[in-house]
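Here is a short note for a colleague opening this model for the first time. The points below go from the ligand to the sheet and then to the loops.

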Amino acid sequence: MALQAAAFLPTAFSISKEGKKISATPKDSSLFGVSLGNFTSSSFKINQKRLSNGAVRAQAVATTPSLTTATVGGKKTLRKGCVVVTGASSGLGLAAAKALAETGKWHVIMACRDFLKTERGAKSAGMAKENYTIMHLDLASLDSVRQFVDNLRRSGRPLDVLVCNAAVYLPTAKEPTFTADGFELSVGTNHLGHFLLSRLLLEDLKQSDYPSKRLIIVGSITGNTNTLAGNVPPKANLGDLRGLAGGLNGLNSSAMIDGAEFDGAKAYKDSKVCNMLTMQEFHRRYHEDTGITFASLYPGCIALTGLFREHIPLFRLLFPPFQKYITKGFVSEDDAGKRLAQVVSDPSLTKSGVYWSWNKDSASFENQLSQEASDADKARKVWEVSEKLVGLA
Ligand SMILES: NC(=O)c1ccc[n+]([C@@H]2O[C@H](COP(=O)([O-])OP(=O)(O)OC[C@H]3O[C@@H](n4cnc5c(N)ncnc54)[C@H](OP(=O)(O)O)[C@@H]3O)[C@@H](O)[C@H]2O)c1
C-alpha cells in the first residue's frame, strides 16, 4: 500500500541505493535528484511489516520516479531532467551521456562539432533515440557558441544541468594553432569557448524549475601542482596572465597565458587551471543567489580516450598499462562516465564550489586544489580578462 511519505518519515532514515546505504534526514534538500517536498505517494512508498511483537515497522522504499517532478507555475509536472554535455562524441562525455540516458530520467543534449561521429557513438553506446538530441557546437568559434545557445533556446527544452567537458590536448605541437577568433586552440577551446557558453547559459539554468540545477566544468589533476601528476613538466602556471590579457594570438602577444614560449602540453594544463578557477568564481558570484551547484572534478586517468590521439605512438602504447599497473590511477571510460553522471545527478553531491575526486574504492571525496587553482584573486582576474576576450565586457 502506498502511503504519504511525510506522515511516516522518521527524523532520519536510510535506504539502499546501488548496494550503498544512504542516510538522509528531512533536512537534506534532495534525494535522488528530487527534493523531499516533491515526493508523492506514487514515487515514495512505505512498506509496512508486522513484527512478531505486534509492532509495525515502516520501511522506506525509494521507487525513484522514472520522471522527475518539477514545479511549473505552482503545478507539479512530470518531466525528465535536461542536461547539455559538450564533447559527448567520445570518451568521458559519451560515457557520461550513456550513463545518464540509461537511467531514463535524463534527456541528454550532446553538444558536438561532428554530428556523424556523435550519432555513431550514441548508437554504439546503445542510447535510445528518445533519450538524446545532438546539437552542433564548435567551441573553437565564439559565433558557434552563440548559435548553439540560440538553437537550444529555440528547441524549447529547459536547461537543468550544463556539463563543460570537451577538450583538446596538443602535447606534440611545435607551433600554436588558433581558434576562429584567433586564440591559441587549447585555451581558446577548453576555457574561452566554455567560458562564453556557461556565462550565456547561466540565465537558462537560473530559469530551470528542476530541483537541483548544476554547472559542471571538468578539471584535471594535471593542472594541480599539489599532485605528482601535476608536477610532471611542463607544469601549469598562469603567471601574471599577460598572454591571456594580450589575446593569446601569437602576433602582438604570446600564445601562452603566462606570456612564455608556446608549449602545447602546458597550454592544456593551463586551460584546466582556468576551468577550475572559473568554476570557483561562478560559485562565489552566483551560488548563494541562484542555488545553482557549481562543481568540477577529476574523474581519474581515462588513459584510453581520444584525448591522447595527438601524442606519440610510444606514449599511447605505454601510458594505459603504466596507469593501470604502476600508478593504479587508471579508470575505464564507463566508470569515469558514471562518476561524471554522479556529479550531474547524485543528491549527495549537491555541495557547490567543490572539486570532486574518487578514491581507490571509487568513493567520491572533496579534493584539494593546488594553490594556483584555488587562488581567488587569480580566478577573478581570469574571469575579467576572459569576459573581455569573448565580448561580454
Ligand atoms: N582522458 C583522461 O585521462 C582525462 C583525465 C582528466 C580529465 N579529462 C578531461 O575529460 C574531458 C574529456 O576528455 P576525454 O578524455 O574524454 O577526451 P576525448 O575522448 O578526446 O573527448 C574530447 C571531446 O571534446 C570534443 N571537442 C574537442 N574540440 C572541440 C570543439 N572545438 N568543439 C566541440 N567539441 C570539441 C571532442 O570532439 P571531436 O569528437 O569532434 O573531436 C570530443 O568529443 C576533458 O575535459 C579532459 O580534460 C580527461
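**Notes on the predicted model**

1. Start at the ligand. It has 31 residues around it, and G87, G91, A166, T305 and G306 come nearest. A residue counts as near a molecule if its C-beta atom, placed from the backbone, lies within 6 Å of it. By class, this shell holds 15 nonpolar, eleven polar and five charged residues. Here Ala, Val, Leu, Ile, Met, Phe, Trp, Tyr, Cys and Pro are nonpolar, Asp, Glu, Lys and Arg are charged, and the others, Gly among them, are polar. Helix α2 (residues 91-102) gives the most to the shell, with three residues.

2. A word on the source. This is a predicted model, where local features need pLDDT of at least 70, side-chain atom pairs count only at pLDDT 80 or more, and totals for chains, interfaces and linings use all residues. Residues are numbered from 1 along each chain as its sequence is written.

3. Now the overall make-up. The protein chain has ten helices and 16 strands. These are DSSP runs numbered from the N terminus: helices are H or I with at least four residues, strands are E with at least two. Of the 393 residues of the protein chain, 45% count as buried. Buried means that 20 or more other C-beta atoms lie within 10 Å of the residue's own; exposed means 12 or fewer, partly exposed is in between, and C-beta atoms are placed from the backbone. Among contacts in the protein chain with a separation of 6 or more, 68% join residues 24 or more positions apart. Two residues are in contact if their C-beta atoms, placed from the backbone, lie within 7 Å.

4. Which residues have the most contacts inside the largest nonpolar core? They are A97, V108, M110 and V163, in a core of 97 residues. Helix α7 (residues 264-290) gives the most to this core, with nine residues. Such a core is a set of buried Ala, Val, Leu, Ile, Met, Phe, Trp, Tyr and Cys residues joined through C-beta atoms within 7 Å. In soluble globular proteins, nonpolar side chains tend to be buried together. Take V163. Leaving aside neighbours within four places in sequence, V163 is in contact with V83, V84, V85, T86, A96, I216, L340 and V344.

5. Next, the open sheet of eight strands. Its order is β11-β10-β9-β12-β13-β14-β15-β16, with mixed pairing. β11 (132-136) and β16 stand at the edges with a single partner strand each, so one side of each is left without a neighbour in the sheet. Strands pair if DSSP finds at least two bridges between them. Neighbouring strands are turned by 25 degrees against each other on average, direction ignored.

6. Two helices to check against this sheet are α2 and α9. α2 packs on the sheet, touching β9, β10, β11, β12 (161-164) and β13, and its direction makes about 160 degrees with that of β10. α9 also packs on the sheet, touching β9, β12, β13, β14 (293-297), β15 and β16; its direction makes about 165 degrees with that of β14. Axes are lines fitted to C-alpha atoms, for helices over the stretch in contact, and angles run from 0 to 180 degrees between N-to-C directions.

7. Look at β10 and its partner. Strands β9 (residues 81-86) and β10 (residues 106-112) run parallel, joined by six bridges. V83 has V108 as its bridge partner, and V84 has I109. In β10, seven of seven residues are buried. W106, V108, M110 and C112 point one way, and H107, I109 and A111 the other.

8. β13 is also mostly covered: five of its five residues are buried. R214, I216 and V218 point one way, L215 and I217 the other. β12 and β13 pair in the parallel sense over four bridges. V161 stands opposite R214.

9. Finally, the backbone details. The peptide bond from P233 to P234 is cis, with omega near -5 degrees. P234 lies in the loop between β13 (214-218) and α6 (242-245). K328 is not a glycine, yet has a positive phi of about 60 degrees. It sits in the loop between α8 (313-327) and α9 (333-345). S362, also not a glycine, has a positive phi of about 65 degrees. S362 is in the loop between β15 (354-358) and β16 (364-366). S362 counts as exposed because it has 12 C-beta neighbours inside 10 Å.
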